[in-house]
Amino acid sequence: MENFFMRAALEEAEKAFAIGEIPVGAVVVRNGEMIARGHNLREQRQNALSHAETEVIFKACERLGTWRLSDCDLYVTLEPCAMCCGAIAQAKMRRVYFGAYDPKGGFAVSNACLLEHPGLMHRTEYYCGIMEEECRALLRRFFDQLRREENKEK
């Protein structure tokens, strides 16, 4: 099941790629059903808060009519940043599954284990490296293309 939902998150990441956004996608799952899908929209919205995770958390809260997502799981193609770890904890999400590690900006495990921080009132289980190669390959393709385009402009 993990791969099924991560594939859906990868589809969302492809949508982000197609519009020039860093290709990160996410889905929220409750009782085996996808209740929200989304991807990065920072450039489109010119909003620093429009990460894939915050987009789907917002949609899931709207759909369920509550901010408590304690029976929901998040699948995201890239390790969450500090802001998104905070949003995940605030939403009281049950589990997070992520694909590629983010050595520069990841705060689930790479730079800190924020989901386990003792100051948080809620602990979210997390599982790392789900379809990691596919998630990383999409990011690599995006940044390779971006570099090629930048070199053409020079």
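This is a short chat about a few annotated residues in a predicted model.

Tutor: Residues count from 1 along each chain as its sequence is written, and side-chain values use heavy atoms, leaving out hydrogens and water. Since the model is predicted, local features need pLDDT of at least 70 and side-chain atom pairs pLDDT 80 or more, while totals for chains, interfaces and linings use all residues.

Student: Why is Cys81 called buried?

Tutor: Buried means under 20% relative accessible area, exposed over 50%, partly exposed in between (1.4 Å probe, protein chains only). Cys81 has 19% relative accessibility, so Cys81 counts as buried.

Student: What makes Cys84 buried?

Tutor: Its relative accessible area is 0%, so Cys84 is buried.

Student: And why does Glu53 count as buried?

Tutor: Because its relative accessibility is 4%. UniProt, in an unreviewed entry, places "active site" at Glu53; such annotations may be inferred rather than shown by experiment, feature names are shortened, and positions follow the numbering used here.

Student: Which residues does UniProt list for "binding site"?

Tutor: The unreviewed entry lists His51, Cys81 and Cys84. They are spread over 34 residues of sequence but cluster in space, with a largest C-alpha distance of 9.3 Å.

Student: What does Cys84 touch, leaving out residues up to four places away in sequence?

Tutor: Contact means heavy atoms within 4.5 Å. Cys84 touches His51, Glu53 and Thr54.
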